[in-house]
Amino acid sequence: SSRRRHTRYGTVTGVQTCALPISEKIKRDVVSLLSDAKKEPQFCGYNRATLVAAAVYLLTSENKTSIPQHKIAKEFGISDVSLRNCYFKLRVLRQKN
């Protein structure tokens, strides 16, 4: 179904999605990372769901609370390939900052 459930996480990031086990700190970091990404031209082609999913994957991985990539992709309704491509670009951006 294309219907998405509304959660507190969705309201924080502007994306509605199913609930994932994500801490408040990660949620704040996702918003910050997305703010940085908006300034970079290499992220123009990604929709918001892909950017949020990749940020969630990156930040949960860094904090040892990793959620499997395929589960995040499914929750956000995006392909594993899109998630992975955006994830690698976000990782480079995060290392620069």
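Which residue does the side chain of aspartate 29 meet in a salt bridge? The partner is lysine 25, with an N to O distance of 2.7 Å.

## Basis of the model

This is a predicted model, in which local features need pLDDT of at least 70 and side-chain atom pairs count only at pLDDT 80 or more, while totals for chains, interfaces and linings use all residues. Residues are numbered from 1 along each chain as its sequence is written, and side-chain values use heavy atoms, with hydrogens and water left out.

## Salt bridges

The whole structure holds two salt bridges, the term denoting a side-chain nitrogen of Lys or Arg within 4 Å of a carboxyl oxygen of Asp or Glu. In the pair named above, aspartate 29 and lysine 25 both belong to helix H2 (residues 24-38) and stand four residues apart, about one turn of the helix. Helices here are DSSP runs (H or I, at least four residues), numbered from the N terminus. Lysine 25 is partly exposed at 45% relative accessibility; the classes are buried (under 20% relative accessible area), exposed (over 50%) and partly exposed (in between), with a 1.4 Å probe and protein chains only.

The other pair is arginine 94 with glutamate 62, at 2.8 Å from N to O.

## Helix H3 and its ends

Helix H3 comprises 15 residues and spans 21 Å from its first C-alpha to its last, close to the 21 Å expected at 1.5 Å a residue; the expected span is 1.5 Å times one less than the number of residues. The helix is mostly covered, with 12 of its 15 residues buried. Among them are Leu51, Val52, Val56, Tyr57 and Leu58.

At the start of H3, a side-chain oxygen of asparagine 47 comes to within 3.2 Å of the backbone nitrogen of alanine 49. Just after the helix, lysine 64 adopts a positive phi of about 60°. Asparagine 63 is in the loop between H3 (48-62) and helix H4 (69-76), and is partly exposed at 34% relative accessibility. Its C-alpha atom is 8.5 Å from that of isoleucine 26, a residue 37 positions away along the chain.

## Cysteines

The count of disulfides is zero, where a disulfide is a pair of cysteine sulfur atoms within 2.5 Å. Cysteine 44 is exposed, at 66% relative accessible area, whereas cysteine 86 is buried at 0%.

Note on methods. Helix = DSSP H or I, 4+ residues; strand = E, 2+ residues; numbered from the N terminus. Polar contact = N/O pair within 3.5 Å; in protein donor to acceptor, adjacent residues only side chain to side chain.
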